[in-house]
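Here are my notebook entries from a browse through this structure.

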Amino acid sequence: MNLQPHHLGRLAAAAASALLLGACGGDDDGPREAAPQAATCPSAVPATARCLQGQDSAGAYYLIAMPQDWNGNLVLHAHGGPSLDAPTMERATEDLTRWAIMVKAGYAWAGSTFRQGGVEVRAAAEDTERLRHIFRDHVAKPRRTILHGQSWGAGVAAKAAEMFTAETVGTQPYDAVLLTSGVLAGGTRSYDFRTDLRVVYQYLCNNHPRPSETQYPLNIGLPAGVTMAQSDLNARTAECLGLNLPAAQRTPEQQAKVETIARVIRIPASAIQAHLNWGTFHFQDVVSKRTGGASPFGNTGAVYSGSADDAALNAGVLRYRADAQAVQRFGADTDPTGRIPVPVLSTKWISDPTAFVELDAYFKGVMEQGGSGARLVQTFTREGTHSYISDPTYPALLAALLRWVDEGAKPTPQQIAQQCPGFEAQFGAGCTFEPGYQPAALDTRVVPRERP
C-alpha cells in the first residue's frame, strides 16, 4: 500500500498553532475567553455532577461536566458527523448524553460543537484546543488531559494531536489520545467508496440526477448552491431500491439492485442510504467550500466486481479523475501524518458499516510511516454499533491509557480484554474485545484507483 498522506509542513503547522495559542491564551496566561455559565446537566449525567456551558470567541458552543468525585482527569471530546448545519447547544447536549459514561467513571468531560457546520478538520481541532484552555482557565487544572475523538471526530483528534504539541505550543497539551469508531484514513482515502457508491447507484437507478434534470459530475455531490431535501433523496432511493421497505416487500428488481450495491461497494443494505447522503451533501460541502470547486474524489482505474455483469458495470459507470490541487488541499486539512507524540489507543467494532475496520489498518501504516507506530495500540470488538460500543468498554480503555501514561506500561490488546470485565460490575455487561483480530488492508475493502 502506497502511503503518501498530504499534509502541511511542520513550520506552517507550528506557526498556525502559535497564532491560535495567542488567540486562546497560554496555559499560564490570564483567561481571554469568557467564563462558562452554570447549566442544567442532561438527565443521563449523574445528578451529583455539575455542568457549565458557553460559546467561545469563534462561535462554537460547548458543554462541560464535572463529577462530584472527580478523578482529576479531563476527557476532551471531538464529536463525529460532521453536521452541515450551524452549531447549536443542542449538539453539545446530545454528545454529553451519549458519553455520560465518562462522567459516571469519574472523568471531567468537555465537548465543543465546533464553530461551523461542514467538513473542516483543522478548524474543529482548533475549537477543541480552545475549549481545553477554557477548562483550564475557568474550571480546573486537570492532572491528565485525554483527547477523545469519535467517528469523524477521531480524525479531528488525530489532527489536533499533531497540530498542538510541546514543539508548537511550548507545553504538551494532551497526555494521550483515545480514538473510537474512527474515520482514520483522512478525507482523501476514507471517502473513496462513496464516490463508487454514487456512480454504481447512478448506473443502476439513473435518478440522482434524473435524465430530465441538469447533469453534473457525481464526484462533486451536488453543484454549489443547489439544494436538495433529504426527503427528496429518500424518495429517489425508495423509488429505485425500496430502501423504505423491508426486503421482503421490495420488488425483485429493487432487491436485485440493493444486493448488487451491497456486493460491489461492500456495505450492508442498511448503510446504503446513509453513505449516499454523505456522498451527496458532504461531497457538496467539500467541493464548494473547501477545495475551490474542484473535486478531490475520483474513480479512474477502479475495477468493480460483484455484479451480475461486471464487464457491463465497468463499461457503464461514469468515471472521474480527482483534481490534484483539490486532493492536496483536502489532504492538508484532513489527512493524518502519523506524527503524534503521545500514546494513542483506538477501538472499533469489527463489523462497523460506517467507518470500516480496514481504515484502522491504513492508520496503523500512517503512524508507522510518521514515526509514531510504537505509540499506537489498536483494539477491536465483536459487538457494538458505530455510534457506541458498550458502557464498560470506554472506562476500560481510559484506565489502560492512563496506566500507559502514568506508569509507562504500554497495554496489549490481550491485557485490555482481560481487564475489561473488571468494569462490568459497575457499568454493566458489554466487554467483547477480540485481542487477536487484525484488520485487512484498506485496498481489500475499497477498490484501488489511480491517484493524482
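**Entry 1: helix 5**

How many of the 12 residues of helix 5 are buried? I looked this up in what is a predicted model, and the count came back as 12 of 12, so by the cut-off of under 20% relative accessible area every position qualifies. The run goes from Trp 152 to Met 163, and the buried residues include Lys 159 and Glu 162. I also checked the length of helix 5: at 1.5 Å a residue it should span 16 Å, and its end C-alpha atoms are 17 Å apart, which agrees.

**Entry 2: the largest cavity**

Rolling a probe the size of a water molecule over the atoms shows where empty space is left. I found 5 cavities of 30 Å³ or more in the structure, and the largest has a volume of about 70 Å³.

Which residues line the largest cavity? I noted Val 121, Trp 152, Gly 155, Val 183, Gly 186, Gly 187, Tyr 191, Phe 330 and Thr 334. I sorted the lining by type and got 5 nonpolar, 4 polar and no charged residues.

**Entry 3: helix 4**

Val 121 is on the lining list, and helix 4 covers residues 121–138, so I looked at that helix too. Its 18 residues reach 26 Å from first C-alpha to last, close to the 26 Å expected. Helix 4 is mostly covered, with 17 of its 18 residues buried.

**Entry 4: strand 8, helix 14, strand 9**

Then I moved to a strand pair. Strand 8 (residues 344–349) and strand 9 run parallel and are joined by 6 bridges. One pairing I wrote down is Val 344 with Leu 376 of strand 9. Between the two strands the chain passes through helix 14 (residues 358–369), and this β-α-β crossover is right-handed.

Helix 14 is largely enclosed by the rest of the structure, because 9 of its 12 residues are buried. Among them are Glu 358, Asp 360, Tyr 362 and Phe 363. The end C-alpha atoms of helix 14 are 17 Å apart, which agrees with the 16 Å its 12 residues should span.

Is strand 9 mostly covered or mostly exposed? I found it mostly covered: 6 of its 6 residues, 376–381, are buried. In a regular strand the side chains alternate between the two faces of the sheet. Here both faces are covered, with Leu 376, Gln 378 and Phe 380 on one side and Val 377, Thr 379 and Thr 381 on the other.

Notes. Residues are numbered from 1 along each chain as its sequence is written. This is a predicted model: local features need pLDDT of at least 70, side-chain atom pairs count only at pLDDT 80 or more; totals for chains, interfaces and linings use all residues. Side-chain values use heavy atoms; hydrogens and water are left out. Buried means under 20% relative accessible area, exposed over 50%, partly exposed in between (1.4 Å probe, protein chains only). Helices (H or I, at least four residues) and strands (E, at least two) are DSSP runs, numbered from the N terminus. Two strands pair if DSSP finds at least two bridges between them. A crossover is right-handed if, with the strands pointing away from the viewer, the path from the first strand over the helix to the second runs clockwise. On a 1 Å grid over the protein atoms alone, a cavity is a set of points where a 1.4 Å probe fits but cannot get out, and a pocket is an open set with protein on both sides within 12 Å along at least five of seven lines; lining residues have an atom within 4 Å of a point. Grid points are joined across faces, edges and corners, and a volume is the space filled by probe spheres set on the points. Ala, Val, Leu, Ile, Met, Phe, Trp, Tyr, Cys and Pro count as nonpolar, Asp, Glu, Lys and Arg as charged, and the others, Gly among them, as polar. The expected span of a helix is 1.5 Å times one less than its number of residues.
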